[in-house]
Amino acid sequence: EPLVQLLRTGDSMGKTQAAGAIWNLAGNANNKIAIARAGAVEPLVQLLATGDAAGKTKASGALGNLAGNADNKKVIALAGAVEPLVQLLRTGDAEGKTQAAGTFMSLAENANNQIQMARAGAVDPLVELLRSGDSEGKTLAAGALRNLADDADNQTAMMRSGVVEPLVKLLRTGDSTGKTQAAGALRMLALND
């Protein structure tokens with residue numbers, strides 16, 4: 001709870017450090033639940049929306065780890081994280097974009113979040129990250145797109161965004177995790193094609 005208080009009332013550096021600590025702590029399954037119950041989600045979303053680059057990146061990472069819990073996926077989306085995550089994908093630095101893609105990969109395991117993410121415009125910046133990101137960014141973008149492709153409307157949006165070419169390129173040239181994510185995304189696209 002002191003970390004949540006710092007997220008709410010600290011200065012910029014304090015909020016960023018608190019988000020980083022929560023990011024690390026939320027790697028543990030029991031902590032994911034306790035941190036969410038302590039009220040960390042809303043101030044993390046606030047930092048994601050209004051913080052500096054480091055604050056946004058750490059808030060996204062913390063939310064991504066918290067989203068490893070099924071109930072937290074819903075809470076995070078309902079708290080308004082989707083639109084600031086899309087903004088981070090569009091305008092963030094490389095690390096911020098990568099963390100946003102990772103958070104979307106986890107959030108998109110929930111069907112309602114898949115629809116909300118697509119409506120908020122997540123598909124185009126994820127495809128752009130798939131084209132131009134670093135190795136980790138491309139892998140996480142492919143994973144997020146794989147999960148988004150569970151919805152037929154999202155598949156249509158993905159096809160309009162030209163997703164196949166960068167997925168095939170990642171399948172050919174990516175590391176083993178990137179290739180696996182790309183293959184999974186292509187599989188999902190082919191299921192309902």
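**Close-ups of a predicted model**

**View 1. Helices H1 and H2 make a left-handed crossing.** Helices are DSSP runs of H or I with at least four residues, numbered from the N terminus. Two packed helices are described by the angle between their axes and the distance between the axes. For H1 (residues 2-9) and H2 (residues 12-25), the axes cross at roughly 145° and come within 8 Å. Those axes are lines fitted to C-alpha atoms over the stretch in contact, and angles run from 0 to 180 degrees between N-to-C directions. On the H1 side, Leu3, Leu6, Leu7, Arg8 and Thr9 make the contact, meeting H2 residues that include Gly14, Lys15 and Leu25; contact means heavy atoms within 4.5 Å. Sorted by class, that's eight nonpolar, two polar and two charged residues. Nonpolar covers Ala, Val, Leu, Ile, Met, Phe, Trp, Tyr, Cys and Pro, charged covers Asp, Glu, Lys and Arg, and the others, Gly among them, are polar.

A quick note on the model: it's predicted, so local features need pLDDT of at least 70 and side-chain atom pairs count only at pLDDT 80 or more, while totals for chains, interfaces and linings use all residues. Residues are numbered from 1 along each chain as its sequence is written, and side-chain values use heavy atoms, with hydrogens and water left out.

**View 2. Helices H4 and H5 also get a close-up, and their crossing is left-handed.** H4 (residues 41-50) packs against H5 (residues 53-66) at about 145°, with axes 8 Å apart. Among the residues in contact are Val41, Leu44 and Leu48 of H4, plus Ala59, Leu63 and Leu66 of H5. By class, the contact has ten nonpolar, three polar and one charged residues.

**View 3. Ala36 sits in helix H3 (residues 29-37).** Is Ala36 buried or exposed? Ala36 counts as buried because its relative accessibility is 19%, and buried means under 20% relative accessible area (exposed is over 50%, partly exposed in between; 1.4 Å probe, protein chains only). Leaving out residues up to four places away in sequence, Ala36 touches Val41, Leu66 and Asn72. Its C-alpha atom is 12 Å from that of Gly64, 28 residues apart along the chain.

Notes:
Helix = DSSP H or I, 4+ residues; strand = E, 2+ residues; numbered from the N terminus. Left-handed = near helix turned anticlockwise from the far one by under 90°.
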